[in-house]
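I am opening the notebook on a new model.

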Amino acid sequence: TVYCNKDFLDLGNRAGVDQALNRLAKSGELRRIARGLYYIPKSNSRLGELSPDLEKVASAAARKTGAAIAPTGAAAANALGLSTQVPAKAVFLTDRRLRPIKVGKSVIEFRQVAPKALRVQSETSTLLLQALRFLGESAIDANVIAAIRKRFDQKQRREFAMDARYSLDWIAGIARKIAAEDVTKNG
């Protein structure tokens, strides 16, 4: 888990929290990733100390700054099993300007987009919207729709259809197909 200093403000004032986190980092109980971002170090007998999950680091950076973030389309499509392409870089879309964060040998980059591109109700909808935009209208067929329907329950599919209303027309149309009730054998 990756923590930001704001995660502990219910325990004390900002100066006290920062001082406690600094002490824990100096003692080795925590590792500092960047200003205000920390994680508990984990070790593997063969690999040594493990780096934190880059997605968790990005999420903590978003909590720290109050930014909304989402994975890029390629990462979303890969996470949903709709693409075998694995992004080489950790890139997240955000509604604010955030500096890159270096984690070990990796760098997390943030691309600023219009706030309306990230304004959806659920994480599922965000993931699906980014994946569909990445794949493009011509790549969406019955197999892709079936794979998405199989992965998400009816409630999540309905949420996606509601969120997709404000997206591109072709995405809204696909969202309606994804959210459609299962057709019974009797019609």
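My entries follow in the order in which I looked things up.

**Entry 1: overall picture**

I note at the outset that this is a predicted model. I then took the extent of the C-alpha trace, which spans about 65 × 40 × 30 Å along its principal axes. The protein has 187 residues, and 38% of them count as buried. I also checked how far along the chain the contacts reach. Among contacts with a separation of 6 or more, 56% join residues 24 or more positions apart.

**Entry 2: helix α4**

I went to α4 next, which runs over residues 123–135. How far does this helix reach from its first C-alpha to its last? The 13 residues reach 18 Å, close to the 18 Å expected at 1.5 Å a residue.

I listed its buried positions. They are T124, S125, T126, L128, L129, Q130, A131, L132 and L135. What covers them? The cover includes two strands, β6 (69–71) and β7 (90–94). It also includes the helices α3 (73–79), α5 (142–151), α6 (154–164) and α7 (169–179).

I looked at what comes after the helix. G136 follows α4, and its phi is positive, near 90°.

**Entry 3: the largest pocket**

I turned to the pockets. The largest has a volume of about 660 Å³. I found 27 residues in its lining. Which of them lie nearest the centre? They are E55, I69, A70, P71 and F92.

I sorted the lining by element. α2 (54–65), β6, α3, β7 and α4 each supply at least two residues. By class, the lining has 18 nonpolar, five polar and four charged residues.

**Entry 4: the second largest pocket**

The second largest pocket holds about 300 Å³ of space. Its lining has 14 residues, and K116, R119, V120, D163 and Y166 are the closest to the centre. α4 and α6 are the elements that give two or more residues to this lining. I divided the lining by class and got seven nonpolar, two polar and five charged residues.

**Entry 5: aromatic pairs**

How many aromatic pairs are there? I count two.

Y3 and F8 form a tilted pair, 5.5 Å centre to centre, with 45° between the planes. Y3 has a relative accessible area of 23% and is partly exposed. F8 is also at 23% and counts as partly exposed.

F92 and F110 form a tilted pair as well, with ring centres 6.4 Å apart and planes at 35°. This pair links distant parts of the chain: F92 sits in strand β7 and F110 in strand β9 (residues 106–112), 18 residues apart. I had already noted F92 among the residues nearest the centre of the largest pocket.

**Entry 6: single residues**

I looked up T72 in the loop between β6 and α3. Its relative accessible area is 13%, so T72 counts as buried. Leaving aside neighbours within four places in sequence, T72 is in contact with V91, F92, L93, R111 and Q130.

I then looked up S83, in the loop between α3 and β7. S83 counts as buried at 14% relative accessibility. With neighbours within four places in sequence set aside, S83 is in contact with A77, N78 and F134.

My last stop was A34 in strand β2 (residues 31–34). A34 is partly exposed, with a relative accessible area of 24%. How far apart in space are A34 and K102? The C-alpha atoms are 7.8 Å apart, while the two residues are 68 apart in sequence.

Notes. Residues are numbered from 1 along each chain as its sequence is written. This is a predicted model: local features need pLDDT of at least 70, side-chain atom pairs count only at pLDDT 80 or more; totals for chains, interfaces and linings use all residues. Side-chain values use heavy atoms; hydrogens and water are left out. Helices (H or I, at least four residues) and strands (E, at least two) are DSSP runs, numbered from the N terminus. The expected span of a helix is 1.5 Å times one less than its number of residues. Buried means under 20% relative accessible area, exposed over 50%, partly exposed in between (1.4 Å probe, protein chains only). Contact means heavy atoms within 4.5 Å. On a 1 Å grid over the protein atoms alone, a cavity is a set of points where a 1.4 Å probe fits but cannot get out, and a pocket is an open set with protein on both sides within 12 Å along at least five of seven lines; lining residues have an atom within 4 Å of a point. Grid points are joined across faces, edges and corners, and a volume is the space filled by probe spheres set on the points. Ala, Val, Leu, Ile, Met, Phe, Trp, Tyr, Cys and Pro count as nonpolar, Asp, Glu, Lys and Arg as charged, and the others, Gly among them, as polar. Rings of Phe, Tyr and Trp (its six-membered ring) pair if their centres lie within 6.5 Å; planes under 30 degrees apart count as stacked, over 60 as edge-to-face and the rest as tilted.
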